[in-house]
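Dear colleague,

Please find below the structure that I promised to hand over. My notes on what was found in it follow.

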Amino acid sequence: MSICIRRRQALGMACATFLAQTAWAAEPAPAVAVVVGKTLRLVASGYRYKGPFKVNLIELYAQDRFASLDELARQDGPKRIAMTLQQEVSSNFLGKSLTRGIEDNVAKGDLAPLVPALVRMGELFNEYKSLASGSKVLIDFVPGTGTVITINGVQAGEPFREPTLFRAILSIWLGPVPVDFRLKDTLLGVR
């Protein structure tokens with residue numbers, strides 16, 4: 001076998017290995033979550049990648065599967081976004097990234113009423129110096145209460161009462177300009 005053929009085979013195997021390691025779908029997670037006494041199903045999950053590196057695992061819990069951001073946002077009852085960090089990150093950076101993702105996906109006219117909530121959300125994350133790999137951020141929508149953020153098992157501040165904030169946060173991953181198009185496809189069941 002010629003050296004050229006062996007190199008091509010080695011390169012092919014390396015590419016196949018890389019693609020296998022960068023699948024966007026996530027390993028099995030707990031199939032249910034309980035939010036304010038209501039049992040929700042894990043309806044979608046996947047990894048957010050930056051280059052070949054896993055950034056975080058996103059898990060969406062709701063009562064039913066969905067095919068779009070609007071369909072998920074319209075579902076009655078509580079909902080949960082669970083984000084598990086796959087590497088250490090500055091909490092300031094995380095707060096800014098979430099805010100930027102919302103700004104990229106919410107119409108300017110709809111964004112103005114959310115500015116106070118976005119500032120407060122940034123302040124909540126700034127209370128932490130950094131979040132270690134494995135840290136878990138839960139973002140729950142609780143009807144009649146609002147959006148509740150929990151960081152590593154501790155509720156971060158008071159609930160956010162802005163009625164459109166949870167949908168805006170969902171848009172980071174499911175909006176028209178998601179942080180990761182392949183993750184969006186995975187969460188929507190396209191892949």
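In H6, the buried residues are Leu165, Phe166, Ala168, Ile169, Leu170, Ser171, Ile172, Trp173 and Leu174, where buried means under 20% relative accessible area, exposed over 50% and partly exposed in between, with a 1.4 Å probe and protein chains only. H6 is thus mostly covered, with 9 of its 10 residues buried; helices (H or I, at least four residues) and strands (E, at least two) are DSSP runs, numbered from the N terminus.

Before going further, please note that this is a predicted model, in which local features need pLDDT of at least 70 and side-chain atom pairs count only at pLDDT 80 or more, while totals for chains, interfaces and linings use all residues. Residues are numbered from 1 along each chain as its sequence is written, and side-chain values use heavy atoms, with hydrogens and water left out.

The protein chain holds 7 helices and 9 strands, and 43% of its 191 residues count as buried. The largest nonpolar core has 41 residues, and those with the most contacts inside it are Leu60 and Trp173; a nonpolar core is a set of buried Ala, Val, Leu, Ile, Met, Phe, Trp, Tyr and Cys residues joined through side-chain atoms within 4.5 Å. Helix H6 (residues 165-174) gives the most to this core, with 8 residues. A second, separate core of 8 residues includes Val35, Tyr61, Leu138 and Val142.

Leaving aside its neighbours within four places in sequence, Trp173 is in contact (heavy atoms within 4.5 Å) with Ile58, Ile81, Met83, Leu98, Pro178, Val179, Leu183, Lys184 and Leu187. With the same exclusion of neighbours within four places, Leu94 is in contact with Met83, Val89, Phe125, Leu131 and Val137. Leu94 lies in helix H3 and counts as buried because its relative accessibility is 7%.

**Strands S2, S3 and S4**

Strand S3 is largely enclosed by the rest of the structure, because 7 of its 10 residues are buried. S2 and S3 run antiparallel and are joined by 9 bridges, while S3 and S4 pair in the antiparallel sense over 6 bridges; two strands pair if DSSP finds at least two bridges between them. Tyr49 stands opposite Lys54 in S3, and Tyr61 stands opposite Arg80 in S4. The hairpin of S2 and S3 has 2 residues between the strands, and Gly51 takes a positive phi near 65° there.

**The largest pocket**

About 450 Å³ of space lies in the largest pocket. A pocket is here an open set of points on a 1 Å grid over the protein atoms alone, where a 1.4 Å probe fits, with protein on both sides within 12 Å along at least five of seven lines, and lining residues have an atom within 4 Å of a point. Grid points are joined across faces, edges and corners, and the volume is the space filled by probe spheres set on the points.

The lining has 21 residues, of which Arg48, Val55, Phe93, Ser97 and Val179 lie nearest the centre of the pocket. Strand S2 (38-50), strand S3 (53-62), strand S4 (79-85), helix H3 (91-105) and H6 are the elements that give two or more residues to this lining, and H3 provides the largest share, 7 residues. By class, the lining has 12 nonpolar, 4 polar and 5 charged residues, where Ala, Val, Leu, Ile, Met, Phe, Trp, Tyr, Cys and Pro count as nonpolar, Asp, Glu, Lys and Arg as charged, and the others, Gly among them, as polar.

With kind regards
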